[in-house]
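Open the model in your viewer and keep the selection tool at hand. The stops below say what to select next and what is there.

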There are 2 protein chains.
Amino acid sequence: MLTLYDCATAPSPRRARIFLAEKGLAHATVPVDLRSREQLGEAYRQINPEATVPALRTEDGQVWTDNAAIAAYLEARYPHPPLLGVTPAEKAEVASWNGRAEFEGLMAIAEAFRNSTPAMAQRALPGVVDYPQIPALAERGLARIDHFFDQLNARLAGRAFIATERFSVADITAVVAVDFARIVKRQPGEAHPHLLRWRAALAQRPSMAL
Amino acid sequence: MLTLYDCATAPSPRRARIFLAEKGLAHATVPVDLRSREQLGEAYRQINPEATVPALRTEDGQVWTDNAAIAAYLEARYPHPPLLGVTPAEKAEVASWNGRAEFEGLMAIAEAFRNSTPAMAQRALPGVVDYPQIPALAERGLARIDHFFDQLNARLAGRAFIATERFSVADITAVVAVDFARIVKRQPGEAHPHLLRWRAALAQRPSMAL
């Protein structure tokens with residue numbers, strides 16, 4: 001049985017939950033309480049020394065400790081339905097847009113959130129090292145989120161999915177970013193009709209409720 | 001013929017040059033002069049609207065505009081030798097360590113460099129949007145580089161390659177990061193014997209001279 005070390009409120013494990021659901025893979029869940037910093041405790045670091053969620057334990061006991069590893073493993077082990085593209089060109093588009101959703105979307109939101117919220121003092125980056133907040137980075141994060149929404153909206157003009165003609169991990173990463181932006185009071189609006197249409201259509205997929 | 005839009009002094013296009021060489025793929029080179037900001041000019045933005053290098057034009061005229069896309073495309077189109085792993089577990093290890101070398105290594109160096117160098121004023125991030133420098137982010141970048149060297153050294157204890165039993169894109173990304181750290185006066189030293197051994201062994205590969 002696959003086991004996901006998860007946290008219901010955090011964006012990174014949500015990416016893994018949706019990926020598993022889209023593959024049709026059942027799994028056990030072990031909740032990790034980020035609010036009490038359980039991820040930094042000795043017990044969880046025995047599982048994932050990087051002290052981050054998600055982590056995925058496979059049926060034969062391997063543990064993958066980030067979304068890049070989890071997606072690569074699951075796609076190779078359970079190829080259908082494909083979420084990383086099939087042809088060389090599809091694989092390139094998916095990798096590119098997944099990376100952009102991660103760097104321009106999720107990372108911008110994380111910068112805005114982690115560098116401004118009192119509860120994240122000294123936790124400006126995830127992982128085992130404490131880094132102090134940088135207020136100017138929070139501000140820059142907000143500006144980058146606005147740019148990301150504009151870029152995503154432009155890409156989605158006339159398209160059902162971000163990377164290719166079918167749903168892919170790039171859609172997963174982007175939807176998790178777009179939804180999580182609410183934590184810093186950002187959401188797509190009138191200026192983003194294509195993005196809003198894409199998000200509304202995705203809501204039909206059961207995985208999006210996860 | 002493959003065509004690489006390249007810049008000899010920048011780390012990101014070096015990743016693509018090494019990847020192509022390890023695949024044994026000949027290609028034409030179009031130099032892009034980052035010093036004069038040619039990448040931001042109209043001509044280059046016709047090729048890559050994101051205004052970054054590298055970009056790779058394929059034999060059938062597709063253009064991939066980041067290393068994620070370039071690696072995914074080349075691996076699928078020219079599978080031998082494999083650089084992204086073969087088994088599901090290998091693919092996971094390669095994706096994970098490539099991502100870490102990118103985020104914990106290259107990004108930390110970019111933060112340290114772009115947020116401190118007078119020539120990079122207003123260019124704290126690559127791409128079409130200008131962002132001002134954040135001095136505190138330059139400082140944090142230096143601390144993260146030190147942590148990255150320590151992590152990489154620990155990983156390489158008893159190992160020939162970072163991710164799996166064979167050379168992979170994770171080695172490429174990591175070596176480009178380690179070499180580029182010199183631009184902010186950081187290099188591995190006595191505290192990093194495994195990292196130094198790995199780097200010395202890699203020097204035997206012709207691709208490393210690129």
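**Before selecting**

This is a predicted model, in which local features need pLDDT of at least 70, side-chain atom pairs count only at pLDDT 80 or more, and totals for chains, interfaces and linings use all residues. Residues are numbered from 1 along each chain as its sequence is written, while chains are lettered from A and ligands numbered from 1 in the order in which they are written.

**Stop 1: chain A, coloured by confidence**

The scores for the model are ipTM 0.97 and pTM 0.97.

**Stop 2: the domains of chain A**

Select residues 2-77 of chain A for domain 1 and 88-209 for domain 2; such bounds come from an automatic or database domain assignment. The C-alpha centres of these two domains of chain A are 20 Å apart. Domain 1 and domain 2 of chain A each put 11 residues into the contact, where two residues count if their C-beta atoms, placed from the backbone, lie within 7 Å.

Now pick helix H1 (residues 11-23) of chain A, which with 7 residues gives the most to the side of domain 1 that touches domain 2. Helices here are DSSP runs (H or I, at least four residues), as are strands (E, at least two), numbered from the N terminus.

**Stop 3: the sheet in chain B**

Move to chain B and show its open sheet of 4 strands, in the order S2-S1-S3-S4 with mixed pairing. Two strands pair if DSSP finds at least two bridges between them. Strands S2 (27-31) and S4 (63-64) of chain B are at the edges with a single partner strand each, so one side of each has no neighbour in the sheet.

Select S1 (residues 2-6) and S3 (residues 55-57) of chain B: they run antiparallel and are joined by 3 bridges. One place to look is B:Tyr5, whose bridge partner in S3(B) is B:Ala55.

**Stop 4: where chain B meets chain A**

Show both chains: 24 residues of chain B are in contact with 24 residues of chain A. On the chain B side, helices H3 (67-77), H4 (88-114) and H5 (135-156) are the elements that give two or more residues. H4(B) gives the most, with 7 residues.
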